Amino acid sequence: MTAPSLAPALPYRRPAFSLGRWLERPDVFSWLMVLPPILFLAALVGYPFFYGIWLSLMNRPVASEGTFVGLANYVAAWHDPTFWQVVVNTFVYTLVATILKMVGGLGLALVMNQDFRFKNLTRALLLLPFIVPTVLSTIAWQWILDPAFSVINWTLIATGLIDPPGPSWLGNPYLAMLSLIVVNTWRGLPFYAITLLAGLQTISPELYEAATIDGASTWDRFRHVTLPLMKPVIFIVTMFSVIFTFADFQLIYVLTHGGPANATQVFATYAFDVAMNGGQFGQGAAIALTMVPPLALLILAMAIYLRPSKS
Amino acid sequence: MTVESHSVSARFLKLWLPLGVSLLFALFPFYWMAITSLKSNQELYNRKIMPLIVHNPTLKHYVDLISDTGFLQWTWNTFIVAVVSTAISLLFGAMLAYPLARIRFAGAALVSFAIAATYLVPQPLLFVPLADIINSLDLGDTLTSVILTYPTLLVPFCAWLLLGYFRTVPSELEDAARIDGASRLQTLIKIVLPLCGPGFISAGIFAFTLAQNEFLYALIFLTKSDVRTVPVGAIAELVKGDVFYWGQLMAAALLGSIPVAIIYSFFVEHYVAGLTAGSVKG
């Protein structure tokens, strides 16, 4: 018994393969678009990352064949007192500079969030430290902090606050770290201020009016309206800033080269010294990679602490 | 009257004082750069002379910088490298961003993850293996070495920023074009891209300033004077051992900052939009 056909069967003709139509398929079109940049990033970020891990397991003096040594480079770092000084220095530098930039940047953003004349001009001028190439502005700071001709010392001496010759800002271990933190803050604070200002401007004025009617003081409004609404912005800005402060190279390389006596040596400058000046690629790659776990911990801690509350 | 003067002094304390202090802190190093570059060496290295102003301005450091060093070559190199790597980054950024913004396709989540991960990898993590790779490809001391590596720092940012701009284009416009028979590529080029000009300007300005700012890769890959960029040239050639040529260094720092500052001043609104897009919208 055959099933009654409901309609006269039309011969189904499979459409001829059309390249044009194939290219229009969402998956095909999308992957043709994203594949070249993805391959590019895989070749110049992904591959070097894993090659770096491999290098860190080798004894590999520059310009010679390497030999596999397992974790020996990491063990050597563990027993290297300079390495532990680098860890402490990097954390001090990152934490103090980040707190200064966050607090100062939020303060400046609140100041800028008032109405005043020449606001756009002021904002443009305040951002200058952030846009000018870091190495070039750091050279100016190096001259400001010069041991013999520091303008800070000249001013302090001229006003009678200190006796000549005055402190050696980059020659004293503690002052050198302080100087680096100040210069890093100088450069990074505008980024916080302008980004946080943009965040502040998205807060509806009605919220403040409502809080004022409910009798909230200026501090209450800041604490219970501004801060909770700003948390996501603060989180993103701080995360970027922490990563790039933790891995900072150029500012320290120019101002102190990690000195005096490794007092300002951080991960990036130490890895550079070992790999480029010392010619030990394997050891240098290992030191650079030890940045990853503490950096991941810092980001995790921040994510927990600054997590946008679900209220 | 008292109310008036009270509010004036309150406004001074809450606005003008902190603003003035911030501006002084932000701008003093540039002032110092400028006046140092205009002082003669006698004036520069005499502690008896009040240093806050220039007593006898001279352009000698600028003349020496341009005639005795490769500064003009470094400036040209910096410009070429920044322009080419920005162009590559905008192209690749748009190629990544458009499908992510508009099309549901298999593997989109993976692509987004790859972009975010690349964004968060700091350079010092990669410079040792990259130095080895660049050497083995025989690209050391060529501008190609930095033109190839800078986009790795810029593409993720451009992609992220352009993603936001592509999403603002009403999809009805694209649907209409597709119904009229335009292919996806034609729709992108003829309908979407012209509407996203501001996004490309923001991403381009940001990428350009980042490329001008890069130092670590340039320091490692470029060791010959004629291929150096301005920051590396200044550090490597205007500091000889313990001798700092401060006048020339300041002249180089100022001249090297001016191109960025000029471009930035024309497009400051776009720059700020780019700077804040990631954190405020994201």
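Colleague: Which residues form a nonpolar patch on the surface?
Modeller: Keep in mind that this is a predicted model. The patch is made of Phe17(A), Leu19(A), Trp22(A), Leu23(A) and Leu32(A). Together they have about 510 Å² of accessible area.

Colleague: Which helix gives the largest share of the nonpolar patch?
Modeller: Helix H1 of chain A, residues 19–24. Three residues of the patch come from there.

Colleague: And where is Leu32(A) found?
Modeller: In helix H2 of chain A, which covers residues 26–56.

Colleague: Stay with H2(A). At what angle do the axes of H2(A) and helix H4 of chain B cross?
Modeller: At roughly 135°. The axes come within 8 Å, and H4(B) spans residues 71–102. With that angle, H2(A) is oblique to H4(B).

Colleague: Is the crossing of H2(A) and H4(B) left-handed or right-handed?
Modeller: Left-handed.

Colleague: Now inside chain A. How do helix H4 and helix H8 of chain A pack?
Modeller: Their axes are 6 Å apart, at an angle of about 40°. H4(A) runs over residues 81–112 and H8(A) over residues 173–200.

Colleague: Why is H4(A) called oblique to H8(A)?
Modeller: Because the angle is about 40°. An angle has to be under 35 degrees to count as roughly parallel, and roughly perpendicular starts at 65. The crossing of H4(A) and H8(A) is right-handed.

Colleague: Switching to charges. How many salt bridges are there over all chains?
Modeller: A search of the whole structure finds seven. One of them pairs Asp132(B) with Arg60(A). Their closest N and O atoms are 2.6 Å apart.

Colleague: Where do Asp132(B) and Arg60(A) lie?
Modeller: Asp132(B) is in helix H6 of chain B, residues 127–136. Arg60(A) is in the loop between strand S1 (58–59) and strand S2 (67–68) of chain A, so the pair joins two chains. As a general point, side chains of opposite charge can pair when their charged atoms come close.

Colleague: Last topic, the backbone. Which residues does a cis peptide bond join?
Modeller: Gly259(A) and Pro260(A), with omega about -5°. Pro260(A) lies in the loop between helix H11 (250–255) and helix H12 (267–277) of chain A.

Colleague: What about phi at Ala261(A)?
Modeller: Positive, about 50°, although Ala261(A) is not a glycine. Ala261(A) is also found in the loop between H11 and H12 of chain A.

How values were computed: Residues numbered from 1 in each chain as written. Chains lettered and ligands numbered in written order. Predicted model: local features only at pLDDT ≥ 70, side-chain atom pairs only at ≥ 80, totals over all residues. Heavy atoms only, no water. Axes fitted to C-alpha atoms, helices over the stretch in contact; angles between N-to-C directions. Helix = DSSP H or I, 4+ residues; strand = E, 2+ residues; numbered from the N terminus. Parallel < 35°, antiparallel > 145°, perpendicular 65-115°, else oblique. Left-handed = near helix turned anticlockwise from the far one by under 90°. Patch = residues over 30% accessible without salt bridge, like charges linked within 9 Å, V, L, I, M, F, W, Y side chains within 5 Å. Areas by Shrake-Rupley, 256 points an atom, 1.4 Å probe, with all protein chains shown as cover. Salt bridge = Lys/Arg side-chain N within 4 Å of Asp/Glu carboxyl O.
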